[in-house]
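The entries follow the order in which I looked.

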Amino acid sequence: MKFSSAAIVLLSSAYCANALVSGPRPHAVRSLQSSKLFSSAAASSNNLSVGNSVGLGINGGDNVAASSNGVTDASKENYKVKYGPAITLGKLKINIFGAIFGVWEVFWGIFFWYPMLMLYALSRKISSMLPGDLLGKKIDPFRRIPINIGYTWGLLSFTLFRMWPKIEGMENLEALREVDENGKKKGLKPAMYVANHSSWMDIPFVCHVLGFQNYKFIAKAELKKVPILGRALMVAGHVMLDRTNRRSQMVAYKSGVQWMKDGVNLVTFPEGTRSKTGRLGSFKKGAFKMAQAVNAPIVPISIQYADRVQPLDYAFPAKISRNRPEAVVRVGKPISTEGKTDNDLLEEVWNTIADDLPESHKPAKDTPVGAN
């Protein structure tokens, strides 16, 4: 079952899920005041729920009030997704859509992603024993290749099933664009990408924003013990953190800071775990210190309805991301870290993410903004 879950998100070779944390458990510091697969069948359903009767998790054309993006926020909020019949393995469910998708993704994982990842690891080991270490020091010193292998796996498995979310606000990343002395545009400056977390799907969704850029997740050290997943995290060079161990926290901090100095992005879900209600929870501030140490900006990302694509109790996605309610990822404007206190920065990022969330994902009243 762990392999089944890992297959969903390791498309980015970073299946960190609810383990992506940045510090110890909370003590409140501040509170809130402030492919076209199946598409033709769905389109021709004439107000029927095509696919639901066979558990495909494909929603038909129910009558809803239209808006500029096709459906009003209210109808999205109130829409009850029918996932169809499912089997239960342990504590997790798999419906028919999830089973089909799971077989497809695991196939590519077994025959493409994992062999390529192990080939890279072997090549890197051999290179390190040779004079000059061509792969480790010149070709791929920042371990970008395993990240790109994972994203390629995602393209192979997610694209056909229309699992990618709608992404809004990519133009905001142009603020990170570097320009040389001749006015020629270059790549994006390294930043820390911060998102809310209510589903396993949040991870590949954020990876889709980053595409083939290099990035490292902040993941809890326990994941190193998970077969396949642990190996993948280590090969790709993700930042591993044991929040109960002060020494591990210092090592993770130094590793994260060094990655950013080397021009590599960091990704974190500062709630530290998936929200059980879908609502935004308190943020741990540890990861933010890495960005502050190098004055790197923070990019707030608000993820909507990922928990409807894959609920907490499902091993695989239970429906297509583009079907109602459509999964949406909103990329906010980069937030400067310079000259800001820990609490002020935390509150600004938290409020920015909360503002772009639908009502069902907004934090509950009196939810603390920060947690130690």
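Entry 1. I note at the outset that this is a predicted model.

Entry 2. I looked up helix 4, residues 96–128, and helix 6, residues 145–158, and found that their axes come within 9 Å and cross at roughly 160°. Since angles over 145 degrees count as roughly antiparallel, helix 4 is therefore roughly antiparallel to helix 6. I recorded the crossing of helix 4 and helix 6 as right-handed.

Entry 3. I then asked which residues of helix 4 and helix 6 meet. From helix 4 I listed Phe101, Trp104, Glu105, Trp108, Gly109, Phe112, Trp113, Met116, Leu117 and Tyr120. Helix 6 contributes Ile145, Pro146, Ile149, Gly150, Thr152, Trp153, Leu156, Ser157 and Phe158. I sorted the residues of this contact into 14 nonpolar, four polar and one charged.

Entry 4. I turned to the sheet, which is open and has seven strands in the order 4-13-12-7-10-8-9, with mixed pairing. At its edges I found strand 4 (166–168) and strand 9 (239–241), each of which pairs on one side only. Neighbouring strands of this sheet are turned by 20° against each other on average, direction ignored.

Methods
Residues numbered from 1 in each chain as written. Predicted model: local features only at pLDDT ≥ 70, side-chain atom pairs only at ≥ 80, totals over all residues. Heavy atoms only, no water. Axes fitted to C-alpha atoms, helices over the stretch in contact; angles between N-to-C directions. Helix = DSSP H or I, 4+ residues; strand = E, 2+ residues; numbered from the N terminus. Parallel < 35°, antiparallel > 145°, perpendicular 65-115°, else oblique. Left-handed = near helix turned anticlockwise from the far one by under 90°. Contact = heavy atoms within 4.5 Å. Nonpolar A, V, L, I, M, F, W, Y, C, P; charged D, E, K, R; others polar. Pairing = 2+ DSSP bridges.
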